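Please look at the fold as a whole before turning to any single residue. The paragraphs below begin with the surface and the overall form, and then follow one residue.

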Amino acid sequence: MFVDEIDVFVKGGDGGAGCVSFRREKFVPYGGPDGGDGGNGGTIWLEADPALTTLLDFHYKRHYHAERGTHGQGSNCHGASGSDTILKVPLGTVVTDRDTREHLGDLTIKGQRVIAVRGAHGGRGNARFATSTNQAPRRADLGRPGPERRLHLELKLLADVGVIGFPNAGKST
């Protein structure tokens, strides 16, 4: 089966939540806040690959999600960012947003990349909210949800052979 046009759904990774934590050691009174930030979500990339000739792989799987960022932890430990997802497409693929008709890119060179959707930012931990007047904040931000978008992938085709002639000249044979 040859597939030259398809719609896919992509969602960037969610950001991890910030942490509410306080330093606690035996001989350190009033240790203070030490909650770490959450990690950023992963990004989805589209990359041109000359080994592919059709969009058939996207016919069987149409929903793609990037990895989410992990949550922050105590001791000012920041969460890890989610890994990026790379989707391989054949050369000559035109990428557009299906809803807004925005042209995102034309992948014509080997290894060329286009960002389909970026990952979201992670939330801030309570160590970020400490000030001279609020030395023990009990608040942290949640990670933001990852953006999502519907993409239209279209494969540009070039004809290999063209037949020119008068009508009824037997071109079909």
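Accessible areas come from the Shrake-Rupley method with a 1.4 Å probe, and for residues, only the protein chains shown count as cover. By this method the accessible surface of the protein comes to about 10900 Å², and carbon and sulfur atoms hold 51% of that surface. This is a predicted model, in which local features need pLDDT of at least 70 and side-chain atom pairs count only at pLDDT 80 or more, while totals for chains, interfaces and linings use all residues. Residues are numbered from 1 along each chain as its sequence is written, and side-chain values use heavy atoms, with hydrogens and water left out.

Helices (H or I, at least four residues) and strands (E, at least two) are DSSP runs, numbered from the N terminus. The protein has 1 helix and 8 strands, and from the N terminus on the order is β-β-α-β-β-β-β-β-β. Its C-alpha atoms fill a box of roughly 100 × 30 × 25 Å, taken along the principal axes.

Where a residue is called buried, its relative accessible area is under 20%, whereas exposed means over 50% and partly exposed lies in between (1.4 Å probe, protein chains only). Of the 173 residues in the protein, 37% are buried.

Val8 lies in strand E1, which covers residues 5-11, and Val8 is buried, with a relative accessible area of 3%. Leaving aside neighbours within four places in sequence, Val8 is in contact (heavy atoms within 4.5 Å) with Phe58, Arg62, Tyr64, Arg149, Arg150, Leu151 and Leu153. Although Val8 and Arg62 are 54 residues apart in sequence, they are 4.7 Å apart in space, C-alpha to C-alpha.
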